[in-house]
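Please look through the model shown here with attention to its charged side chains. The text below goes through them pair by pair.

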Amino acid sequence: MALCARAPAAAFPKLREASRSRRVRCRASEAAVPVPEEGRLQRPRWSGETPLSKMVGALISFKPLYNLMKIASRQVIISTAEKANVPWREMSKEILESDVYQLFDELRNPNLIYPDYYLNPFHAYEEGNLSWLAASEAEAATMSIAKRAIPDASSIEEANQRVRGPWLSAIENHHLKYSGNKCEIRDILDIGCSVGVSSRCLAEKFPSASVVGLDLSPYFLAVAEYKQRKEGRKKQIRWVHANGEATGLAAKSFDLVSLAYVCHECPARAITGLAKEAFRVLRPGGTIAITDNSPKSKVLQELSPVLFTLLKSTEPFLDEYYLLDLEETLRSAGFVNVTTMLTDPRHRTVTATVPF
């Protein structure tokens, strides 16, 4: 079995300040911030098999009402972004009027067969993630979601730092604790990388590592590459158009596998497949890190009926995600040292290790 190389003392440098505007910044805020609170329940009452969840599901299944919900949900996200001075429309227009289309064929795998669940509408887009509109708006939507997670943030930059910083710290701390004296993070795989926001954060956190961003959407990957070329990144992130459940990548070839805000968009069977594939491609001592909605989040448990109904209308597999025991799923895949922490008021980060 191939083991990771011994890590030098400087293997985990601090994040560098992002220097470009209109870009998600990943460094943790230095100001003191409130500790995220867990709610009293294991999961929100509006999720799973509860009567309230079934009632919401019945409303969503009524097509005319569902169409109105999609429009309303989209407006909530755009409104949050623009109130936080995120130039949503300008960012989207820049992408749609760029040469991003030329990158599509360079990155697309024409032999890839999409899993059935991925062909569902997502996030108020009828074509889900397989559209230019979704790809052009993805980074602005990410900024909006960060602001909704941290409503007291003074700026979108602070909100992004307070969401991304603790996630990255959780990864670093877990790896140092369980593998750091034996394993340097040299190779990173970011599954479900979207337009590359999380991939760029990981590359900044671990600048000596090689990063691969993998996604099912060639539209998202084309935007990720467009942004990378525009930024002139010295150490290029490699983009792979593949299924995260069957990546086609070599076994034992990565030290860190990250899934950021991916699992809530997947049915339980797909999450199980993602965990098994992550275990396969990680080296002994490697770390998996999953950050996503926390069923125990006090904020999510106390969402208003309007907001949780709109949320569920754009996330077809949310109930399956909340019902799944994610920690046990990782253990069943072979991981050890499974650890969960609330890293912001809405999201948890679950980390685990491939045993030596």
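**Salt bridges in the chain**

Arg283 and Asp187 form a salt bridge through their side chains, 3.0 Å from N to O (a side-chain nitrogen of Lys or Arg within 4 Å of a carboxyl oxygen of Asp or Glu). Arg283 belongs to strand S5 (residues 282–293) and Asp187 to strand S1 (residues 187–191), so the pair ties together parts 96 residues apart in sequence. Helices (H or I, at least four residues) and strands (E, at least two) are DSSP runs, numbered from the N terminus. Both Arg283 and Asp187 are buried (buried means under 20% relative accessible area, exposed over 50%, partly exposed in between, with a 1.4 Å probe and protein chains only).

The model is predicted: local features need pLDDT of at least 70, side-chain atom pairs count only at pLDDT 80 or more, and totals for chains, interfaces and linings use all residues. Residues are numbered from 1 along each chain as its sequence is written, and side-chain values use heavy atoms, with hydrogens and water left out.

The structure holds 21 salt bridges. Another of them joins Glu327 and Arg348 at 3.7 Å, N to O. Glu327 sits in helix H13 (residues 326–333) and Arg348 in strand S7 (residues 347–353), so this pair ties together parts 21 residues apart in sequence. Glu327 counts as buried because its relative accessibility is 18%; Arg348 is buried at 7%.

Arg200 and Glu139 also meet in a salt bridge, at 2.9 Å, N to O. Arg200 is in helix H7 (residues 197–205) and Glu139 in helix H5, 61 residues apart. Arg200 is buried at 5% relative accessible area, and Glu139 at 4%. In helix H5, 14 of 18 residues are buried.
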